[in-house]
Amino acid sequence: MNKLRTALATAVAAALGLAALATAPAQAAAQPAFLAAAQMPPSSTPWTATQVFTGVPENGGVLCAPYKIPAQNTRYREFSTELDTNGVQVTTVARTEADAVKLVNTLRAALAGCGPLLEQQNPGLQAVSASHGKLAVEEGAWVYSLDTAAPQGISDIHLFSVGRDGRTVTLVRWGQMGDLEDAPLTAFRTTTKTAINKLH
């Protein structure tokens with residue numbers, strides 16, 4: 001009888017344990033990590049970084065890709081220096097890997113075609129977009145530039161990259177006054193690889 005009671009008690013305990021596991025809430029997946037200020041391309045003055053915000057930056061997101069990144073499951077961090085060099089990283093977790101691939105393709109098309117579109121929207125502006133190739137990191141990342149010259153003689157250069165790790169897509173932008181030859185393209189490639197590797 002004692003053996004029977006012990007066996008029943010063991011079975012009940014096991015069943016209760018399984019029930020507890022079944023009803024325990026699933027732990028939320030870890031959020032993708034972001035670049036630190038020091039991981040932006042080197043500058044003559046130190047970078048500072050904001051906290052990580054939920055959603056997309058103001059005005060629909062990022063230069064050359066406004067309203068292309070959904071606000072849901074998206075977060076961003078902004079970067080700046082004392083010399084008006086600035087940047088942003090926007091990261092979103094897509095519902096499926098197929099959705100992530102689609103988003104990357106949408107962003108790549110927007111970045112590649114940004115110059116001609118800006119010229120159409122801003123008469124007198126000269127804007128040239130260029131592709132700087134693919135980086136071998138996780139599922140891949142692509143680098144682009146935008147070189148603009150306003151009629152007033154002001155020139156700006158921006159570097160962009162977009163890539164993904166599984167369902168997670170991230171876009172990084174760097175910008176300052178100047179031309180493409182002033183841009184730290186090699187260092188930006190390193191920043192991009194770091195951004196992708198830090199996601200998960």
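Mentor: Start with Asp84, which is placed in the loop between β5 (74-80) and β6. Helices (H or I, at least four residues) and strands (E, at least two) are DSSP runs, numbered from the N terminus. This is a predicted model, in which local features need pLDDT of at least 70, side-chain atom pairs count only at pLDDT 80 or more, and totals for chains, interfaces and linings use all residues. Residues are numbered from 1 along each chain as its sequence is written, and side-chain values use heavy atoms, with hydrogens and water left out.

Trainee: Is Asp84 buried or exposed?

Mentor: Buried means under 20% relative accessible area, exposed over 50%, and partly exposed in between (1.4 Å probe, protein chains only). Asp84 is exposed because its relative accessible area is 57%. Its phi is near 65°, a positive value in a residue other than glycine.

Trainee: What is the phi of Cys64?

Mentor: Cys64, also not a glycine, has a positive phi of about 80°. Cys64 counts as buried, since its relative accessibility is 11%.

Trainee: Which cysteine does a disulfide join to Cys64?

Mentor: A disulfide is a pair of cysteine sulfur atoms within 2.5 Å. By that rule there is one disulfide, and it joins Cys64 to Cys114, with 1.9 Å from S to S. The link is left-handed, with -75° about the S-S bond. It ties distant parts of the chain, 50 residues apart: Cys64 is in the loop between β3 (61-62) and β4 (65-66), and Cys114 is in helix α3.

Trainee: Which residues of α4 are buried?

Mentor: An α-helix has 3.6 residues a turn, so residues three or four places apart point the same way. In α4 the buried residues are Leu185, Phe188, Thr191, Thr192, Ala195 and Ile196. They lie on the same side of α4 because they cover an arc of only 135° around the axis, taken from the directions from the helix axis to the C-beta atoms. Their cover includes β6 (86-93), β7 (126-135), β8 (141-149), β9 (155-165) and β10 (168-177).

Trainee: What does Val137 touch?

Mentor: Contact means heavy atoms within 4.5 Å. Val137, in the loop between β7 and β8, touches Lys193, Ile196 and Asn197, not counting residues up to four places away in sequence. The C-alpha atoms of Val137 and Lys193 are 6.2 Å apart, although 56 residues separate the two along the chain.

Trainee: How many residues does the largest nonpolar core have?

Mentor: In soluble globular proteins, nonpolar side chains tend to be buried together. A nonpolar core is a set of buried Ala, Val, Leu, Ile, Met, Phe, Trp, Tyr and Cys residues joined through side-chain atoms within 4.5 Å. The largest here has 25 residues, and Leu107, Leu111, Leu146, Phe160 and Val169 have the most contacts inside it. Elements giving it two or more residues are β6, α2 (97-112), α3 (114-121), β8, β9 and β10. Helix α2 gives the most, six residues. Apart from this core lies another, of 19 residues, including Phe188 and Ala195.
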